[in-house]
Amino acid sequence: MRTTRTHSLTAAANAVATAMDTDGFLLARATHDPAHISARVVRMGPGRVRVESTMHARGKTGSIDRTRQETSRITYEWDSARRTLRWIWTGRTVIPVEVRGTWSLEPDGGGTRLSSEVEVTVKARLVGR
């Protein structure tokens, strides 16, 4: 499944890119889930960062199971011009899932147009082979 959205921001594209590359922004993205336990930011070099999170596990219906924990990572990578940010989520869940996305920043007058594309692949077997 792929979704695409566009947002208009009043700040200039360079300011948006700078804000999106702060530990505060990245941790806020990681801690918004009610199952969140902890998260940390690991800087891997210019334009590359990873956020490692620990969360309470979830059941197949999405309910929070506080008796188990799961870990996940989101790896972010900026292109050289800091106009496109690609990210990949990896983690262990009840049903195997692959999530990746792209955020593109384009100047729009005095502001910024942020285009967001997210692709989710669920690797669940249905009935039979």
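How many bridges join β2 to β3? Keep that in mind while you open this predicted model, where local features need pLDDT of at least 70, side-chain atom pairs count only at pLDDT 80 or more, and totals for chains, interfaces and linings use all residues. Residues are numbered from 1 along each chain as its sequence is written, and side-chain values use heavy atoms, with hydrogens and water left out.

**Whole chain**

The C-alpha atoms fill a box of roughly 50 × 30 × 25 Å, taken along the principal axes. Colour by burial next: 28% of the 129 residues count as buried, meaning under 20% relative accessible area with a 1.4 Å probe and protein chains only.

**The sheet**

Now select the strands. All seven form an open sheet, ordered β1-β7-β6-β5-β4-β3-β2, with antiparallel pairing. At the edges sit β1 and β2 (36–45), each pairing on one side only. Two strands count as paired if DSSP finds at least two bridges between them.

Back to the opening question: eight bridges join the antiparallel β2 and β3. To see one, pick Ala 39, whose bridge partner in β3 is Ser 53.

Move on to β5 and β6, an antiparallel pair with six bridges. These two make a hairpin with five residues between them. Select Arg 86 and you'll find Thr 102 of β6 standing opposite.

Then step to β6 and β7, joined by 12 bridges and also antiparallel. Click Ser 104 and look for its bridge partner in β7, Ser 115. This hairpin has two residues between its strands, and Gly 109 in the turn has a positive phi of about 65 degrees.

**The helices**

Angles run from 0 to 180 degrees between N-to-C directions, with axes fitted to C-alpha atoms, for helices over the stretch in contact; contact means heavy atoms within 4.5 Å. Helix α2 lies across β2, β3, β4 and β6, at about 145 degrees to β2.

Which residues are closest to the centre of the largest pocket? This pocket holds about 670 Å³ of space, and of its 24 lining residues, Asp 33, Met 55, Arg 58, Trp 89 and Thr 93 are the closest to the centre. A pocket is an open set of points on a 1 Å grid over the protein atoms alone, where a 1.4 Å probe fits, with protein on both sides within 12 Å along at least five of seven lines; lining residues have an atom within 4 Å of a point. Grid points are joined across faces, edges and corners, and a volume is the space filled by probe spheres set on the points.

Elements that each supply at least two residues of this lining include α2 (23–31) and β3 (48–58).

Finish at the second largest pocket, with a volume of about 170 Å³. Among its lining residues are Thr 3, His 7, Trp 87, Trp 103 and Val 118. The largest share of that lining, four residues, comes from β1.

Definitions and conventions:
Buried < 20%, exposed > 50% of the residue type's maximum accessible area, 1.4 Å probe, protein only.
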